[in-house]
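Good morning, and thank you for making time for this presentation.

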Amino acid sequence: MAQTPDNASLNETYLQISPNILASFPKFRPPVDLYVYDPALGRTGCFHKAGERLSTEGQAEVARFAEGGLLFLLRDDYRIYAEHLSKRLGLLLVEEGFTPQEVAEIFFLAFRDRMEDFLAQPREESFEALRKDASVLAEYLWIDPARVAFLTHTMDREYSLAVHSVNTMLVGLALYLRLTGGKVEKDVLVSLILGLLLHDVGMTMVPKFIRDKEQYLVRRDRESIERHIEAGRNMLRRLKVADPVILECMEQHHERTDGSGYPDRRFVKGISEAGKICAVADSFSAMIGDRPHRSALDAARAAETLAGDSRKYDPKLTALLAVVMRESATA
Ligand SMILES: [Fe+2]
Ligand SMILES: [Fe+2]
């Protein structure tokens with residue numbers, strides 16, 4: 001493939017579209033405006049408007065432009081482009097044109113959308129879709145574990161179960177990669193990604209007005225919230241999920257090392273590594289998210305608060321959390 005024309009102002013305004021990416025667009029209706037660079041004139045002009053029908057000849061022409069490295073989209077259309085790519089994550093493994101920040105943002109959007117779908121309809125098909133995306137992310141991090149810093153940088157404060165689940169997954173992964181020095185197996189990463197994402201799946205069975213309460217929970221409300229573990233267990237059983245790492249994250253993320261957690265009041269030795277990682281990641285993610293009754297804590301403050309609670313959380317992990325957040329802040 002030809003190189004991007006060496007033109008700083010061009011690259012400021014436009015992003016190149018590779019043949020691989022072009023092939024992922026709907027043939028007749030590319031989702032973004034297409035621009036073509038004319039090297040003779042040193043100018044870029046609009047070739048096709050998003051949503052309009054592209055003729056067969058037009059498609060062939062566009063394919064040639066992409067092959068020659070002359071096909072672009074406006075950087076302003078990046079959101080549309082990222083949404084499109086988030087449905088085809090596998091492309092991120094073969095494309096070299098993205099910055100790690102762009103890849104991280106696309107992963108975030110993809111998992112947020114997948115989780116919204118899954119939580120709305122937790123069926124085997126939506127679980128399989130999640131598993132496929134989890135494999136792509138595992139592969140991406142396995143190639144270079146340091147990339148996780150860009151991912152934790154994308155964490156969002158929006159209050160929703162889907163965003164909370166994705167934030168938990170990103171911070172939990174970062175902790176695990178730090179803990180292992182990046183020496184990990186892809187299969188384990190896939191399981192951990194799914195476990196962290198699905199830890200609160202049972203919350204979909206708790207009435208939203210109770211979930212939204214922050215303070216003054218009466219005993220009945222508290223019991224209803226605590227039942228999300230049992231509900232999660234039933235849901236995963238129905239989905240035929242038996243992976244121990246996924247189950248440990250879901251069942252143990254509210255256990256605390258001093259035995260004060262739920263549902264089994266386990267002590268430090270009875271909590272698995274995945275359970276301890278998920279506990280720290282889940283609490284952190286809850287603290288940095290906006291809630292109806294309070295605004296979010298900043299990341300450094302939240303990490304500090306958890307590190308100060310060494311009776312309830314594994315101190316090795318909360319110490320790593322501070323490191324992970326420092327790396328994320330500079331990514
Ligand atoms: Fe939970
Ligand atoms: Fe949670």
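Helices, as I use the term, are DSSP runs of H or I with at least four residues, numbered from the N terminus. What I am showing is a predicted model.

Helix α13 itself spans residues 228-238, and its buried residues are H228, I229, A231, G232, M235 and L236. Viewed down the axis of α13, these buried residues fall within an arc of 160 degrees, so they line one face of the helix. The face turned away from that buried side carries the exposed residues R237 and R238. As for the cover over the buried residues of α13, it includes α10 (186-198), α12 (219-226) and α14 (244-252).

I turn now to the metal site. Which residues coordinate the iron ion (ligand 2)? They are H164 and H199, each through NE2, and D200 and D282, each through OD, at 2.0 to 2.3 Å. The angles among the 4 donor atoms run from 85 to 173 degrees, and the site is irregular. To be tetrahedral, four donors would need all angles between 85 and 135 degrees. In sequence, the donor residues of this ion follow the spacing H-x34-H-D-x81-D. Distant parts of the chain are linked here: H199 lies in the loop between α10 and α11 (208-211), whereas D282 lies in helix α15 (residues 273-288), 83 residues apart. H199 counts as buried because its relative accessibility is 0%, and D282 likewise counts as buried, at 5%.

My last topic is the aromatic residues. The structure holds 7 aromatic pairs. One of them, Y14 with F72, is edge-to-face, at 6.2 Å centre to centre and 65 degrees between the planes. Y14 lies in strand β1 (residues 14-16) and F72 in strand β4 (residues 71-74), so this pair ties together parts that are 58 residues apart in sequence. Both residues, Y14 and F72, are buried. The rings of F107 and Y140 have centres 5.3 Å apart and planes at 50 degrees, so that pair is tilted. Y14, Y35 and F72 form one aromatic cluster.

Finally, two charged side chains deserve mention. R53 lies over the face of F28, and K186 lies over the face of W142, at 4.2 Å from the ring centre.

Conventions
Residues numbered from 1 in each chain as written. Chains lettered and ligands numbered in written order. Predicted model: local features only at pLDDT ≥ 70, side-chain atom pairs only at ≥ 80, totals over all residues. Heavy atoms only, no water. Buried < 20%, exposed > 50% of the residue type's maximum accessible area, 1.4 Å probe, protein only. Helix = DSSP H or I, 4+ residues; strand = E, 2+ residues; numbered from the N terminus. Arc of directions from axis to C-beta. Contact = heavy atoms within 4.5 Å. Donors = N, O, S within 2.8 Å, 3.2 Å for Na, K, Ca; no water. Tetrahedral: all angles 85-135°; square planar, octahedral: opposite > 155°, others 65-115°. Phe/Tyr/Trp six-rings, centres within 6.5 Å; stacked < 30°, edge-to-face > 60°. Lys NZ or Arg CZ within 6 Å of the ring centre and 35° of its normal.
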